[in-house]
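The sequence and structure are shown first, and the description follows.

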Amino acid sequence: MNLLRIVVGIDIGGSTTKIVGIRDHNILAPMMVKATDPITSLFGAFGKFINQNSLSLSDIDKIAITGVGASHVEKSIYGIETVKVEEFLANGYGGLYLSGLDSAIIVSMGTGTALVNASGDGITHIGGTGVGGGTLVGLASKMLNVREIEFLIDMAAEGNLNNVDLTVSDISKDNLPTLPPFTTASNFGKLTDAVSKNDIALGIFNLVFQTIGTIAVFAARGGNQKNIVFIGNLTTIPQCRAIFDSLEAIYSYKFIIPPHAEHGTAVGAALSLLK
């Protein structure tokens, strides 16, 4: 394989496609394209990638595709060798590369959430949860009549969790050695008619990210890992980092969101062809 040419990794979702290039093990121009269907999204992303980087098809060595939309691709893309990569492998390769770690639990946060245990010994799919971006959008739609994630982020920035969630300090006067007073005892357990929409928005984020983070901790315990790396679209949400910081204060694990985390699966797909 000619390392001066580019290996392209493409993560094809239902309507969103993420694409990156890898040249000599360095990431080139990660980007994202949205469209009404996976194939339109795929070719839109590839065309944009070629155009914005002033490339020609001869600059591309191979293409690696992954994600739920990869099943719709039956031919090579523009005559370039196109390889389908298992999404769980791509998650593992991408998470380790972006974090610079040799081993970790890799958590891919998309519509749902998938977890793998990744190390030099291999990549093992642990499992996952249906709680993810789809949960955020669904709850916000029904509870707040809000469907745009950017609007939900702005609302949550003005929210107060003390008006939504029941904490350990609300139900116990004693100091518990393993549970700080701010620990959530029940998501939405303090909800009243007087709560604001901004409070509910923050409560939804807290519910989703705490659920994902706690499941990741359980996976790390079972997999003898100390580091947890998060990739996927949800890593770009500002509330994500703040909520994970609070979980780090409870559990003895490092929650890592590396640069380009939202493109982690696409990065891993490309890297799989370089291994």
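The model is a predicted one, in which local features need pLDDT of at least 70 and side-chain atom pairs count only at pLDDT 80 or more, while totals for chains, interfaces and linings use all residues. Residues are numbered from 1 along each chain as its sequence is written, and side-chain values use heavy atoms, with hydrogens and water left out. Helices (H or I, at least four residues) and strands (E, at least two) are DSSP runs numbered from the N terminus. Axes are lines fitted to C-alpha atoms, for helices over the stretch in contact, and angles run from 0 to 180 degrees between N-to-C directions. Contact means heavy atoms within 4.5 Å.

Val 107 has Leu 115 in E7 as its bridge partner.

Another open sheet of five strands has the order E3-E2-E1-E4-E5, and its pairing is also mixed. Here the edge positions belong to strand E3 (26–34) and strand E5 (82–84), each of which has a single partner strand, so one side of each is left without a neighbour in the sheet. The twist averages 20° from one strand to the next. Strand E4 (residues 60–66) and E5 run parallel and are joined by three bridges. Ile 63 stands opposite Thr 82 in E5. Helix H8 (residues 264–272) lies across strand E1 (6–12), strand E2 (16–23), E3 and E4, and runs at about 135° to E1.

**Helix contacts**

Two packed helices are described by the angle between their axes and the distance between the axes. The axes of helix H2 (residues 87–99) and H8 come within 6 Å and cross at roughly 100°. H2 is therefore roughly perpendicular to H8; angles under 35 degrees count as roughly parallel, over 145 as roughly antiparallel, 65 to 115 as roughly perpendicular and the rest as oblique. Among the H2 residues in this contact are Tyr 93, Tyr 97 and Leu 98, and those of H8 include Val 267 and Leu 271. The contact of H2 with H8 comprises seven nonpolar, six polar and one charged residues. In this division Ala, Val, Leu, Ile, Met, Phe, Trp, Tyr, Cys and Pro count as nonpolar, Asp, Glu, Lys and Arg as charged, and the others, Gly among them, as polar.

H4 and H6 have axes that come within 7 Å and cross at roughly 110°, which means that H4 is roughly perpendicular to H6. H4 contributes Ile 149, Leu 152, Ile 153, Met 155 and Ala 156 to the contact, and H6 contributes Lys 197, Asn 198, Ala 201, Leu 202 and Phe 205. By class, this contact of H4 with H6 has eight nonpolar, one polar and one charged residues.

**Pockets and cavities**

Rolling a probe the size of a water molecule over the atoms shows where empty space is left. On a 1 Å grid over the protein atoms alone, a cavity is a set of points where a 1.4 Å probe fits but cannot get out, and a pocket is an open set with protein on both sides within 12 Å along at least five of seven lines; lining residues have an atom within 4 Å of a point. Grid points are joined across faces, edges and corners, and a volume is the space filled by probe spheres set on the points.

| Space | Volume | Lining by class |
|---|---|---|
| Largest pocket | about 1,100 Å³ | 15 nonpolar, 19 polar, nine charged |
| Second largest pocket | about 410 Å³ | nine nonpolar, eleven polar, one charged |
| Largest cavity | about 40 Å³ | six nonpolar, no polar, two charged |

The largest pocket is lined by 43 residues, and Thr 16, Lys 18, Gly 110, Thr 111 and Asn 233 lie nearest its centre. H3 supplies the largest share of this lining, four residues. In the second largest pocket, which 21 residues line, Phe 182, Thr 184, Asn 206, Gln 210 and Ser 246 lie nearest the centre. Helix H6 (197–222) and helix H7 (238–248) each supply at least two residues of that lining.

The structure holds two cavities of 30 Å³ or more. Around the largest cavity, the lining consists of Leu 136, Val 137, Ala 140, Val 146, Arg 147, Glu 148, Ile 149 and Leu 152. Helix H3 (133–144) and helix H4 (149–157) each supply at least two of the lining residues, and H3 gives the most, with three.

Note on methods: Pairing = 2+ DSSP bridges.
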